[in-house]
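Here are my notes on this model, as numbered points. Please read them with the structure open.

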Amino acid sequence: MDKVKAAQELVREALAKSQSPCFTCSFQAEDVVVLHLLLREKPDLPVLFLDTGYHFPEVYAYRDELQRRLGFRLVNLLPELSREEQERLYGRLYETDPNRCCEIRKVGPLFQALSAYDTWFTGLRREQSPTRANLQPLEEATLPSGHRLKKVNPLYDWTFKEVFAYLAVQDLPYLPLYDQGYLSIGCAPCTAKPLDPSDPRSGRWAGKGKLECGIHLHGEA
Ligand code: SF4
């Protein structure tokens, strides 16, 4: 079976077994492939976006363009503190304590939202990072609250090239930042172009000794 068929089948089977599925989407290229596969099966699926307030303007514009085009159910997750409130209280945490910043703006809001779901679809791929090299198509995640949910990674074995080939075949737009040389795109203050061309995530939190924001590291079985 080719990878597109295998991913579509995985999505279909996981949705059939789920009472309350959701998808976390940061609108990177792989996310848009998974989004497209999911919407074919379940057009009303909640699409969770972690709106940290620190994304590139291009990401917000692309999110809205894609939402208009595909008509999905966008759930914008906001942290308790606005960006301005956080900076007034703690300064530029993304420089001084990025783990705490990610905890406040990503991990906390996401884990709170995920407690309403039994199945969590992602756009993770093994090739993205050494921390993802052992990624499995089906995993289990346990939140700090003890809530357990299935985690489904339909593109676990896809390459960067295969992701962009899918977008081209389906005539789906991609984030314009890729054309500027970005290969992995998160919050603007913590995203640079890759320092090592063979490691797409080497521009994320560059020089801060950090590889992940934390949402994919907690309590996986
Ligand atoms: Fe803050 Fe950077 Fe984490 Fe975004 S990626 S939440 S700006 S530390």
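1. **Overall make-up.** The protein has seven helices and six strands. The model is a predicted one. Along the sequence, the order of elements is α-β-α-β-α-β-α-α-α-β-β-β-α. The radius of gyration is 17 Å, close to the 17 Å that the globule rule gives for 221 residues, so the protein is as compact as a globular protein of that length. The C-alpha trace spans about 50 × 40 × 35 Å along its principal axes.

2. **Burial and contact range.** Of the 221 residues, 36% are buried. Take the contacts with a separation of 6 or more: 72% of them join residues 24 or more positions apart.

3. **Helix 2, buried side.** Which residues of helix 2 are buried? They are Ala29, Glu30, Asp31, Val32, Val33, Val34, Leu35, Leu37 and Leu38. Note that Glu30 and Asp31 are on that list. The cover over these buried residues includes helix 1, helix 3 (57–70) and helix 7. It also includes strand 1 (21–24), strand 2 (46–50) and strand 4 (119–121). Two of the helix neighbours are taken up next.

4. **Helix 2 against helix 7.** Two packed helices are described by the angle between their axes and the distance between the axes. For helix 2 (residues 29–41) and helix 7 (residues 160–169), the axes come within 9 Å and cross at roughly 55 degrees. That angle makes helix 2 oblique to helix 7. The crossing of the two is left-handed. Helix 2 brings Ala29, Glu30, Val32 and Val33 to the contact, and helix 7 brings Val163, Phe164, Tyr166 and Leu167. By class, the contact of helix 2 with helix 7 holds seven nonpolar residues, one charged residue and no polar ones.

5. **Helix 1 against helix 2.** The axes of helix 1 and helix 2 lie 10 Å apart, at an angle of about 50 degrees. The two helices are therefore oblique to each other. Their crossing is right-handed. On the helix 1 side, the contact uses Ala7, Gln8, Val11, Arg12 and Leu15. On the helix 2 side, it uses Leu37, Leu38 and Glu41. The contact of helix 1 with helix 2 divides into five nonpolar, one polar and two charged residues.

6. **Positive phi at Phe27.** Phe27 sits in the loop between strand 1 and helix 2. Its phi is positive, about 65 degrees, although Phe27 is not a glycine. Is Phe27 buried or exposed? Phe27 is buried, because 23 other C-beta atoms lie within 10 Å and the cut-off for burial is 20 or more.

7. **Positive phi at Asp171.** Asp171 lies in the segment after helix 7. Its phi is near 55 degrees, again a positive value in a residue other than glycine. Asp171 counts as exposed, with 6 C-beta neighbours inside 10 Å.

8. **Ile185.** Ile185 is also in the segment after helix 7. Ile185 is buried, with 23 other C-beta atoms within 10 Å. What does Ile185 touch, not counting residues up to four places away in sequence? The contacts are Gln28, Val59, Leu175, Leu177 and Thr191. Ile185 and His55 are 130 residues apart in sequence, and their C-alpha atoms are 8.9 Å apart in space.

9. **Val4.** Val4 belongs to helix 1 (residues 3–17). Val4 is partly exposed, with 18 C-beta neighbours inside 10 Å. From Val4 to Arg105 is 101 residues in sequence and 33 Å in space, C-alpha to C-alpha.

10. **Pro57.** Pro57 is found in helix 3. How many other C-beta atoms lie within 10 Å of Pro57? There are 8, so Pro57 is exposed. The C-alpha atoms of Pro57 and Trp205 are separated by 19 Å, and the two residues are 148 apart along the chain.

Methods:
Residues are numbered from 1 along each chain as its sequence is written. This is a predicted model: local features need pLDDT of at least 70, side-chain atom pairs count only at pLDDT 80 or more; totals for chains, interfaces and linings use all residues. Axes are lines fitted to C-alpha atoms, for helices over the stretch in contact, and angles run from 0 to 180 degrees between N-to-C directions. Helices (H or I, at least four residues) and strands (E, at least two) are DSSP runs, numbered from the N terminus. Angles under 35 degrees count as roughly parallel, over 145 as roughly antiparallel, 65 to 115 as roughly perpendicular and the rest as oblique. A crossing is left-handed if the near helix is turned anticlockwise from the far one by less than a right angle, and right-handed if clockwise. Two residues are in contact if their C-beta atoms, placed from the backbone, lie within 7 Å. Ala, Val, Leu, Ile, Met, Phe, Trp, Tyr, Cys and Pro count as nonpolar, Asp, Glu, Lys and Arg as charged, and the others, Gly among them, as polar. The radius of gyration is taken over C-alpha atoms; the globule rule is 2.2 Å times the number of residues to the power 0.38. A residue is buried if 20 or more other C-beta atoms lie within 10 Å of its own, exposed if 12 or fewer, and partly exposed in between; C-beta atoms are placed from the backbone.
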